[in-house]
Every structure is written in C-alpha cells, then in structure tokens.
Amino acid sequence: MAADIRVVLWLTLRSEEFHTFVNRTEDALRSLFRSIDHDKNGKLDKTELRDAFARAGLAIPKARLDDFFSRVDSNNDGAISFDEWRWVTVCLERWLS
Ligand SMILES: [Ca+2]
Ligand SMILES: [Ca+2]
C-alpha cells in the first residue's frame, strides 16, 4: 500500500514538485511519528496508534484500525516503521473520512 501511494504521488506531481513536497513534510511526519511512538522504540504498534487517534479525538472502530494498520504495515512485521509511516500519512486524512 505504501508503495502504491508513492507511485500515485509520483504520477500526480512532477518530479521536482514531488521532492519539494517530501522535504517539506518530512520533518512534520517525523515529529508526528515520534509523538506517537510512546515507548520510543522507533516503531509504532497498534496500541500506540489507537492511543494517538484517541488523543486526536478520533474514535476509530477496532475493525477499521485493524484494516488501517494492516495496510500501513506493508512488511507485516506487526509494527509500523518510519519508512512505512512517511508515505501513508500523506493519505491518512482521506482514509479516515
Ligand atoms: Ca513504539
Ligand atoms: Ca512493518
């Protein structure tokens, strides 16, 4: 899924626009990732993600959270790395709407 989003972005934006976009959002995404990574192990587990949504005032049904998590966790290791996170966050708002 993460790779799919990258391809869509690549096709949507011209190359230089894509790089500008990525560079501008990189810091914000990393900061958000760190704020969610409660135990600071460099990965997000499902509990951390659920807590983050709760703190943001979003009550996500378990089935939807499970679906979201499995889409983001593209290598299926049970945790979301920053690399997986960075591409998916771009479309988070759309997924939750
Ligand atoms: Ca963690
Ligand atoms: Ca993973």
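Modeller: Take contacts between residues at least 6 apart in sequence: 53% of them join residues at least 24 apart. Two residues are in contact if their C-beta atoms, placed from the backbone, lie within 7 Å. This is a predicted model, where local features need pLDDT of at least 70, side-chain atom pairs count only at pLDDT 80 or more, and totals for chains, interfaces and linings use all residues. Residues are numbered from 1 along each chain as its sequence is written, while chains are lettered from A and ligands numbered from 1 in the order in which they are written.

Confidence comes next. The term is pLDDT, the predictor's confidence in each residue, from 0 to 100. The chain has a mean pLDDT of 79. Of its residues, 65% reach 70 or more. Among the elements, strand β1 (residues 43-44) has the highest mean, 96. Helix α6 (residues 92-96) has the lowest, 55.

Now the layout. The chain has six helices and two strands. Helices (H or I, at least four residues) and strands (E, at least two) are DSSP runs, numbered from the N terminus. Read from that end, the order is α-α-β-α-α-β-α-α.

Here is the core. The largest nonpolar core holds eight residues: L44, L49, F68, V72, I80, W85, W87 and V88. Helices α4 (62-72) and α5 (82-88) each supply at least two of its residues. Helix α5 gives the largest share, three residues. A nonpolar core is a set of buried Ala, Val, Leu, Ile, Met, Phe, Trp, Tyr and Cys residues joined through C-beta atoms within 7 Å. Buried means 20 or more other C-beta atoms within 10 Å of the residue's own; exposed means 12 or fewer; partly exposed is in between, with C-beta atoms placed from the backbone. Buried residues make up 12% of the 97 residues in the chain.

Start from the core residue I80. D45 sits in the loop between β1 and α3 (46-55). D45 is partly exposed because 18 other C-beta atoms lie within 10 Å.

Move on to α3. Helix α3 contains R55. R55 counts as exposed because it has 10 C-beta neighbours inside 10 Å. R55 and I36 are 19 residues apart in sequence, and their C-alpha atoms are 9.8 Å apart. The loop between α3 and α4 holds P61. P61 has 8 C-beta neighbours inside 10 Å, so P61 is exposed. P61 and R50 are 11 residues apart along the chain, with 9.6 Å between their C-alpha atoms.

K40 has a positive phi, near 55°, and is not a glycine. K40 lies in the loop between α2 (15-36) and β1. With 7 other C-beta atoms within 10 Å, K40 is exposed. N76, also not a glycine, has a positive phi of about 55°. N76 is found in the loop between α4 and β2 (80-81). N76 is exposed because 7 other C-beta atoms lie within 10 Å.
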